[in-house]
Amino acid sequence: MMTAEQYEESLRRLNLVVYMFGKRIMNPVDDPMIRPSMNAVAKTYEMAGRPEFRDIMTAISHLTGKRINRFTHIHQSREDLINKTRMGRLMGAHTACCFQRCVGMDALNALSIVTYDMDAEYGSSYTKRFLKYLAFVQENDLVCDGAMTDPKGDRSLSPSQQPDPDMYLHVAAEKPDGIIVRGAKAHQTGAVNSHEIIVMPTISMREEDRDYAISFALPSDAPGITYIMGRQSCDTRKLEDNPMDVGNRTFGGHEALVVFDDVFVPWDRVFMYREYEFAGSLVEKFASYHRQSYACKTGVGDVLIGASQTIAEYNGAHKASHIKDKIIEMNQLNETLYCGSLSCAAEGHKEPSGTYCVNTLLANVSKQNVTRFPYEIARLAQDIAGGLMVTLPSEADFRSPEIGKWLEKYYQGAPNVSTENRMKILRLIENLTLGTAAVGYLTESMHGAGSPQAQRIMISRQVNMGEKQTYAKNLCGIKDETKP
Ligand SMILES: Cc1cc2nc3c(=O)[nH]c(=O)nc-3n(C[C@H](O)[C@H](O)[C@H](O)COP(=O)(O)OP(=O)(O)OC[C@H]3O[C@@H](n4cnc5c(N)ncnc54)[C@H](O)[C@@H]3O)c2cc1C
């Protein structure tokens, strides 16, 4: 396993083509806007090296028998799935942001199942290719970007119906030694902090969409790949000389648009090639794993609840019964999210490939709650914090020899607490509910791993309605009925 320092050095060796604010970024690792997101991924390495977190953060590879970072592991038991949930919460609590590495883990696990299933159906040899690739990822302790979401153009049209054929990533040409791919993947979490990029289709496909039914992996700096960094609310505060105003000065996340401009993929890195019948299965497996992964929001919720209790104390309001009740409500919602992620892991099953997969229904129910509860937790945090969280002047004003004394005087809360500490915790709450971290805590909770409707469709497909009706009819004595 790599250390955090070795991970950082490994990123420096990449030759990524990254753009931000219209300019090429030659050194993403040290860029002040990107650096906090690199720190968050580096934390996955640091935590794996700490003895007290060994069981949660690491696992034994089923390929080599060696100890590996759990983010590169293929789940071999329900306990592995449960430890994945625990790892998400732990990492969320230690970074208070999206630490970006779960999406690649979920892509690897989904592919371990679907490559096997395709081989069983077609007699192909995808499993062999995939396991060789997996061994390379595990041996080198790599970060993989899980690239599913296409730009999608007109949402009412299928990939092959789009006026611009590149709105979904597709095969542009076939060569003796591989394929040429063209298109883009949007919203790619941690893309610039990744060594590898694993591409998957984003929706179920029909025969006419077969050129879009592809999955493959490439080094993140393969020729023809360009990264265009997304903006986040309050992001340029990281460029100012007021570290307190950032809220969380060490960690953050990032997303990017990743463009594939006629990129070559050798055959040994192609894991699905026009098997359109299996595109839906790959999407469903990845989505189920990734919906479980939102246990991370419970860890971020731990930080926000801790910050809310702290500001209540700093404001002198913590003994009020309604504040206590709001903190209880926040905990109730946060632990419900944890229950959901744990339950889909505990009810997991073994796939024919040997990989353990979460319970699909419970994973979707869990993620549906994630689209709601963090918003309510954030609302309660803002209620408890008070308006100062959004009207606070900058750190520079606090440091000013002329006016700093007024801020010290008028922003004093409980007498035993410094104004500076009160400001720090307010900025953290702002960061989590309105600033850069709100991308991960709120909007990612809404749309990441699929928008809310995607889970509702899966819930309606997965529930056994016939069984429920039979229970009801049996209990009230309905035996014969004429179907309407
Ligand atoms: C912070 C963040 C991080 C992310 N990280 C990743 C990542 O690492 N990898 C990755 O692959 N993806 C990632 N995503 C993408 C995420 O999976 C998508 O945002 C999600 O699938 C929704 O797609 P969209 O953003 O294109 O929204 P849309 O699909 O445009 O959805 C917007 C609304 O329109 C509705 N809608 C869309 N299409 C239809 C239709 N045909 N019929 C009816 N209603 C429709 C949706 O239900 C939703 O309400 C991330 C997203 C965010 C916000």
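At what angle do helix H9 and helix H16 pack, and how far apart are their axes?

Author: Happy to! Please keep in mind that this is a predicted model. Helix H9, residues 296-315, packs with helix H16, residues 419-433, at an angle of about 145°, and their axes lie 10 Å apart. The crossing in which H9 passes H16 is left-handed.

Now to the side chains and who meets whom. H9 brings Val300, Val303, Leu304, Ala307, Ser308, Thr310, Ile311, Tyr314 and Asn315 to the contact. From H16 come Asn421, Arg422, Ile425, Leu426, Leu428, Ile429, Leu432 and Thr433. Sorted by type, the residues of this contact are eleven nonpolar, five polar and one charged.

The buried residues in H17 are Thr436, Ala437, Ala438, Gly440, Tyr441, Leu442, Glu444 and Ser445. With twelve residues, H17 reaches 16 Å from its first C-alpha to its last, close to the 16 Å expected at 1.5 Å a residue. After H17 comes alanine 449, with a positive phi near 60°.

From here, let us turn to the nonpolar cores. The largest has 75 residues, and those touching the most other members are Val181, Phe216, Leu218, Ile225 and Phe260. Helix H5, residues 102-122, gives the most to this core, with eight residues. Leaving out residues up to four places away in sequence, isoleucine 225 touches Val17, Ile197, Leu218, Pro219, Ser220, Val258, Val259, Phe260 and Val263. Another core, of 42 residues, lies apart from the largest one and includes Met244, Ala385, Ala437 and Ala438. Two of the names there, Ala437 and Ala438, are also among the buried residues in H17.

One last stop is aspartate 268, placed in the loop between S11 and strand S12 (270-273). Beyond its neighbours within four places in sequence, aspartate 268 is in contact with Arg129 and Lys132. Aspartate 268 and phenylalanine 216 are 52 residues apart in sequence, with 8.9 Å between their C-alpha atoms in space.

Key:
Residues are numbered from 1 along each chain as its sequence is written. This is a predicted model: local features need pLDDT of at least 70, side-chain atom pairs count only at pLDDT 80 or more; totals for chains, interfaces and linings use all residues. Side-chain values use heavy atoms; hydrogens and water are left out. Axes are lines fitted to C-alpha atoms, for helices over the stretch in contact, and angles run from 0 to 180 degrees between N-to-C directions. Helices (H or I, at least four residues) and strands (E, at least two) are DSSP runs, numbered from the N terminus. A crossing is left-handed if the near helix is turned anticlockwise from the far one by less than a right angle, and right-handed if clockwise. Contact means heavy atoms within 4.5 Å. Ala, Val, Leu, Ile, Met, Phe, Trp, Tyr, Cys and Pro count as nonpolar, Asp, Glu, Lys and Arg as charged, and the others, Gly among them, as polar. A nonpolar core is a set of buried Ala, Val, Leu, Ile, Met, Phe, Trp, Tyr and Cys residues joined through side-chain atoms within 4.5 Å. Buried means under 20% relative accessible area, exposed over 50%, partly exposed in between (1.4 Å probe, protein chains only). The expected span of a helix is 1.5 Å times one less than its number of residues.
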